[in-house]
Amino acid sequence: MIPLSYYLVLSGILFACGVLGFLIKRNIITIFMSIELMLNGVNLSFVAFAAHWHALSGQVFVFFVMVVAAAEAAVGLAIIIAVYRTRETLNVDQVNLLKL
Amino acid sequence: MLTLALFLFFGAVCVAGAVNLLVQSHPINSALSLIVVMASLAAEYLLLGAEFVAAVQVIVYAGAIMVLFLITIMLLNAGKEERTKGSRVATLLGVPGVVIGGVLVAWTLIHRSDMGNVAIGALPGDPKAIARLLFHEFLLPFEVTSVLILIAIMGAVVLASRPEAIARPHPGVPATQEERKLVAVGKGRS
Amino acid sequence: MSITTFIIISIIKSAAVIGILLTAVAYSVWLERKVSAHIQNRWGPTRVGPFGLLQPLADGVKFIFKEDLTQPHVYKPLYIAAPIIAVVFAITSISVIPFGNWVNVGRIQVGSSPDFGSWGTYLQITDVNIGLLIVLGITSMGVYGVALAGWSSNSKYALLGGLRASAQMISYEVSLGLSLVGVLIMAGSLSLRDIVNAQGGVFWHFIPRWNIFHGQTLAFFIYLISAYAETNRTPFDLPEAESELVAGYHTEYSAMKFAMFFMAEYANMVTVACIATLLFLGGWHGPLIFTSPILQAIMPVVWFCLKVFFFMFLYVWVRWTLPRFRYDQLMAFGWKVLLPLALANIVYTALVVAWRA
């Protein structure tokens, strides 16, 4: 029997690492991966609470979060490729002008 | 006892992968650490009895989304990232801030006494039960997500395609006015 | 059954199954060389042992003794990890595949040792109730071996071959999974043992109720084509074709690492053949013509092996008969033809099952 708070603490640690990655990193793809890490931390929270309250809706919501994350990853990577074609860089600090 | 040992082991692998994502400078190492995080999260879901969610996590997240990330990193040949002034400031301010916030949240969560324990396999997450929910109570969000995926596919195809592929969809057919004039004079390129 | 008995039985089963799988992988190389030789009107390996049966042994010794060149420009950790990833994920999916029914072993007593009682076991390492999803998940993870091999080799042929191969594999995974949903609707469960048990019996007095005869013929062919593309075999083997990309993603590998990629490819083929047998050809069902109990216990496994062997033979036969696809034809075929067909199959199967209920 594992206390529920252990799962929530693990989820919080993953979310905090995701936020840190979003703030620290300068490569756009790594920032994107930190967003995915945040989403995964939240998924763990959902599943832990679903097991705690015996409500299967938590797991169904995880399903939806995964679908939305997949759609967002596809569109986001397409945008990254389009930005790379024009700006020739993946560093977010150098993409700071509206028009080249 | 065995459950606690398994939870701690996979939890340690998760946190190690997440920290490794932050520490590595080459994006491909970060991507591989994220894959490790997702696989160990799938093991954690199995400990909570959510077997369908664990299988979908491996198939969709670790098996498709991360492959997409990997292919993009390889195509764009992303190199090691450089430490700029902004990233130094962010590290100096961000790491203590987030760590203090995280410790506060964890302390609050652990010291609440009314949360119970979660047994292994407490809630059977077999596909039949989840499918029943998905097609009865959550039917509208389910159909809306399918439209969302369709929009995402169309958006990704349009955003990532080369501009001249849209301007000249069929090879050999002149697309713009100037090209038609060039073809008529006999100097057009195919 | 106590925990120690369970652990001992599981270890014995795992060791036996993995040993048989690795031998099957080695001898599928022999099968390919012999069948391709006879298709091309020549003999194939005949010198090493009778009918060249010891050729895999000779090949293994050759690979071990070959010089293992490691180029200086490769990215070392991934270069060494990629073949390991490929082989591990190719062999893991054999753990949920059932080979036969429940087998009862009589009382275990050797001379004057204590009586261990009698026990029985399913002929499967473990029966998980989401067995089919596990096989699909492991297939999805197998893409990483190819992608990382291409990237870590730090050479343009390898990178392009690896990218093409991984894009091809993730495209055909979709129609692979969707073609299996029709079988799922008919069987009502994701457990591989339940799916095979739903195919017992006959209809019209002599046609066995295998899924290929019982309504899933289109799904069978979609599965077969997607599986050929998924395991990178002709006619979809552009990523490793010699005339196109030198050798694709395993250009820079030599000796034992190359042998591991080779093994991974054939182990994937064996896995795909096993899944096709279980889902479409009725698994271990077949006429039980003997009466003695020992032979009745072994016959299902024999039928299973015969059906898997038929699939391996089909793989080799198609390889040496058809020309290969161009890459854009390949991707167009996967997305524009197989995916709509698989979806149509799902809708049709669901309609028929709902109408019958």
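Mentor: Contact here means heavy atoms within 4.5 Å, and the model we are reading is a predicted one.

Trainee: How much area is buried between the two chains, and what share of it do carbon and sulfur atoms give?

Mentor: About 6600 Å² is buried between chain A and chain B, with 79% coming from carbon and sulfur atoms. On the chain A side, Ile2(A), Met33(A) and Met66(A) lose the most area to chain B, together accounting for 10% of what that side buries.

Trainee: How many salt bridges and how many polar contacts join chain A and chain B?

Mentor: The count of salt bridges between these chains is zero, whereas six residue pairs across the interface are in polar contact.

Trainee: What makes Tyr223(C) a member of the largest nonpolar core?

Mentor: Such a core joins buried nonpolar residues through side-chain atoms within 4.5 Å, and Tyr223(C) is among those with the most contacts inside the core of 165 residues, as are Met66(B) and Phe69(B). The largest share of this core, 16 residues, comes from helix α3 of chain B. Beyond its neighbours within four places in sequence, Tyr223(C) is in contact with residues including Leu176(C), Val272(C) and Phe280(C).

Notes
Residues numbered from 1 in each chain as written. Chains lettered and ligands numbered in written order. Predicted model: local features only at pLDDT ≥ 70, side-chain atom pairs only at ≥ 80, totals over all residues. Heavy atoms only, no water. Buried area = accessible area lost by both parts, 1.4 Å probe. Salt bridge = Lys/Arg side-chain N within 4 Å of Asp/Glu carboxyl O. Polar contact = N/O pair within 3.5 Å; in protein donor to acceptor, adjacent residues only side chain to side chain. Buried < 20%, exposed > 50% of the residue type's maximum accessible area, 1.4 Å probe, protein only. Helix = DSSP H or I, 4+ residues; strand = E, 2+ residues; numbered from the N terminus.
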